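I am opening a notebook page on a structure that is new to me. I want to write down what I look up, entry by entry.

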Amino acid sequence: MIIRKRLAAGTCVLFAALTMGLTPVGASAADNPDGQPTAAPKVELVLDVSGSMRARDIDGGSRMAAAKQAFNEVLDATPKEVELGIRTLGANYRGEDRKVGCKDTAQLYPVGPLDRTEAKTAVATLAPTGWTPIGPALLKAADDLNGGDGSRRIVLISDGEDTCQPLDPCEVARDIAAKGINLTIDTLGLVPDAKTRDQLSCIAEATGGTYTSVRHTDELTDRVGQLVDRAADPVVNPVAVEGAKECTGAPEIKPGLYADRETFGEHRFYRVAVAPGQELRASVSVAADRAVDKDYGVLLRAVTEHGREIVRGSEAGDGRTDVISTGLRYPKPEQNDDESDEAAAETVCLQVSNSYSAPASVKTTPGLPVELTVDVVDAPSAASDVAAFGLGRGWWLLGALVVTGFAAGVLWGWISRWRVAVWRTN
């Protein structure tokens, strides 16, 4: 196992890293430099309403009921700046004619400013019905989102693989990506089998999206909500990067958001330049996009080029979540006047490791999705702002708690001795 639970200092480092604003410097690049309002982000939820959605294997209810509940909660929480639409596949045709069934996709609610009541009313009418034409639905959804310069995102929720071959949904997704229209497809599999998981993963990978397996209603609600919220975030497209097996030869990365894939139990390295008076902040998330064994962990280390550890962040999991994250901070002291310019900048190697394993029946390729956030900011000017042994200003609180505990213990001991003395006297 990579992961071992650290003491309070390690926990505070992780908390600081994840809460001290790890927003990449490149985020501001997405803002309109002319000060004009940017185009509204657009999202279309594409829901599988085929007959298999009747299955009652999500929290004691049907898959359709879970999807409806998730949609209603997501509609309530959709940011006002997001234009949202809903498209269905397999919702209307009940017959056995394959040609007709493979054309069964319709826009339930048009992409545009959201009327929550109207959208919820439309969702309430859905009932599991027919085929699973994923490819045709993706083509239509891309047309629904056509036009404008804002970000566009399709969120596909399905419980089975496409039944309308030879129109391969993966090829459809690749064609959409090749058009360069800034459209991302994220996929969610409801209680998926291996074939469904492979196909939905392929669709997501083709456009730089994500795939998530879902087995509970709250997981579906949370993930769809995250993806809708992400559409409103100007930093939505990570830069693809491939880490090296050793620090030597690792790619040098600048502040920003990066995407990579890491096989089970692998270590990958990335290089970041940190100048005196700067602070490196980094976080990493590794997603389990397939079935994995319980008890796993993620480690993020900052080391020198010679392998000496500077600081680390780690987190462990036991199968309760599909994504696990950790982070770290490294403030580099100001340069002394007698140091040469050549020695000023330091190359810090970020090592990302995981201790995932998988059942023998699960494919281990491609690797697990990795998102790495890197930021380099001005280091704190006051010594008290620098994390000291991972606690920073938390030392004041820790000291106060120690003194308070000691005083309380002495007082309680004195009172106890006094009470015993009084009891013996009487």
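Predicted model: local features only at pLDDT ≥ 70, side-chain atom pairs only at ≥ 80, totals over all residues.

**Entries on sheets, helices and confidence**

I began with strand β10 (residues 278-287), which pairs with β13 in the antiparallel sense over 9 bridges; strands here are DSSP runs of E of at least two residues, helices are runs of H or I of at least four, both numbered from the N terminus, and two strands pair if DSSP finds at least two bridges between them.

Residues are numbered from 1 along each chain as its sequence is written, and side-chain values use heavy atoms, with hydrogens and water left out.

I then placed the pair in its sheet, an open one of 5 strands with mixed pairing and the order β7-β8-β15-β10-β13. Its edge strands, each pairing on one side only, are β7 (239-240) and β13 (323-331).

Next I turned to an open sheet of 6 strands, ordered β3-β2-β1-β4-β5-β6, again with mixed pairing. Here β3 (105-112) and β6 are the edge strands, and each pairs on one side only. Strand β2 (residues 83-89) runs antiparallel to β3 and is joined to it by 5 bridges, with Ile86 opposite Tyr109 in β3.

I looked up which helices lie across this sheet, and found that α2 (residues 63-77) lies across β1 (42-48), β2, β4 and β5, running at about 165° to β1; axes are lines fitted to C-alpha atoms, for helices over the stretch in contact, and angles run from 0 to 180 degrees between N-to-C directions. Contact means heavy atoms within 4.5 Å. Helix α8 (residues 217-231) lies across β1, β2, β4, β5 and β6, at about 175° to β5.

Just after α7, Gly208 takes a positive phi of about 75°.

Last, I checked pLDDT, the predictor's confidence in each residue from 0 to 100: the protein averages 82, and 83% of the residues score at least 70. I marked residues 1-37, where pLDDT stays under 50, and residues 383-392, where pLDDT also stays under 50.
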